[in-house]
Amino acid sequence: MAAPTPYDGFDTMPIAGQWRAGRAGKTAQDTDPYRGDVLTEIPLADADDLDEAYASAARVQRDWAAAAPAERAAVMLEAAAVMDRRKDEIVDWTVKESGATRTVAEFEFAITRRDFLEASSYPYRVVGRILPSDTPGKENRVYRQPVGVVGVISPWNVPLHLSNRSVAPALAVGNGVVLKPAGDTPVTGGLLLAKVLEEAGLPAGLLNVVIGSGGDIGDAIVQHPVPRVISFTGSTPVGEGIASKAGVKELSLELGGNGPLVVLDDADIAYAARAAVFGKFFHQGQVCMITNRIVVDAAVHDRFVDEFVGLVKGLQVGDPADPATVIGPIINQKQLESVRDKVSGALEDGAELLVGGEPTGPTGLVLPPHVLLGTNEVRTAREEVFGPVATVIRADDEEHALAIANDTEYGLSSAVFTRDTDRGVRFALRVQAGMTHVNDQPMNDENHVAFGGEKASGLGRFGGEWAIEEFTTDHWVSVQHEPREFPV
């Protein structure tokens, strides 16, 4: 079968049912972080464009919410089929725009496709309840309904999936959506997704994508009166800002992380080291749930470090389009400088550098993997690095390891390694995090399971029945079947 004609028109955005340029009078370049090539130039949206987008989503949503479940499910299933037909095109865009290695891009394609498959079941899973009443002749019904319009703000690191894990569920349960992708990844974070859903038969004007500067539309997308839910994935400081501006809207926030990977004294060291390499350096460490700290019991610390360092030194660094590459470019110069500043700060704090190197590549954004030995107080352990930097911390024993793991403002994902499964589960339940994986690294995401964090890592959960709950609301309707007596 011949490949479909590649999508084009990525210098426009879908607003109110039409693909058109934004009206802000400003243009942004979208560039390949490895090669520096300009991929597209996009005239940006302003607040008037945003108004039009929200009005369209609200208008079209009414008929979409009234559509039969089969109609909404069919669009989700067809979107997955469109992705299958366009797999090479989508993967290539992910590699070019976000700097993802081919392995990362294949992973992102697969989980985004599963977003649609999981969401296709949601129209049949929105259920209400009938509850008893103490009032004679009264029937209490609780209907589950779409909230109306959802505003989605997504990040640059895994843009296709981190947009779609909100977009697909919100649409599937009957909402309209306005999506603002990150400026570094406007195509994979928004425009490409809109093209897929348009081809799948989604009604025009239901999904709107606005690409604009934070100064022009950043606050407005949150403060606008139309959306009832704001779904945001990104840093904790930005999430806190959204929470302060959103008023009485519902918030679904997945924020920063400082994931601990804990190796107890009875762990399989070779296996734990292999898992730690994957769980730290996947996508250059630019994943919210990635391992940030490796906490190792003193009894096995030196053995683990030797094994881990040996594996890290063998990782291929360079062109993300090369299937053998494990570590490609950091997304942009600002992010690279942030990572390097944190490494310098950790060394000033007393950390020891075991593996390192200078940035390379055509744009100078490829940072080789770094391994440091330090305490939980060095900067690369205190802060979320979001780069290919691992800090290994020695713990006195299991209780000390738990204390180190929990000594952070964050609580997203975590892991523990032990040959005793029951011990691992007991440990996991004491970790202050939304997710803990026994004998696996912290970077796990399954579309039907509760994904989210505690503490400064966010509010709410993505996935499965939790996503349905995030994007619907309860409406109590009581029916008085026979006249009742009133006290006055």
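Gln284 sits in the loop between α9 (269-281) and β13 (291-297). Helices (H or I, at least four residues) and strands (E, at least two) are DSSP runs, numbered from the N terminus. This is a predicted model: local features need pLDDT of at least 70, side-chain atom pairs count only at pLDDT 80 or more, and totals for chains, interfaces and linings use all residues. Residues are numbered from 1 along each chain as its sequence is written, and side-chain values use heavy atoms, leaving out hydrogens and water.

**Positive phi angles**

- Gln284 is not a glycine, yet its phi is positive, at about 60°.
- Gln284 has a relative accessible area of 0% and is buried. Buried means under 20% relative accessible area, exposed over 50%, and partly exposed in between (1.4 Å probe, protein chains only).
- Ala16 is not a glycine either; its phi is positive, at about 55°.
- Ala16 lies in the loop between β1 (13-15) and β2 (18-20).
- Ala16 is partly exposed, at 25% relative accessibility.

**Nonpolar cores**

- A nonpolar core is a set of buried Ala, Val, Leu, Ile, Met, Phe, Trp, Tyr and Cys residues joined through side-chain atoms within 4.5 Å.
- The largest such core has 83 residues. Met76, Phe116, Val167, Leu171, Leu197 and Val210 have the most contacts inside it.
- Helix α6 (residues 187-199) gives this core its largest share, 7 residues.
- Another core, of 27 residues, lies apart from it; Ala275, Val309, Leu315 and Ile327 are among its members.

**Around Val167**

- Val167 touches Val152, Val177, Leu179, Leu193, Leu197 and Leu207, not counting residues up to four places away in sequence.
- Contact means heavy atoms within 4.5 Å.
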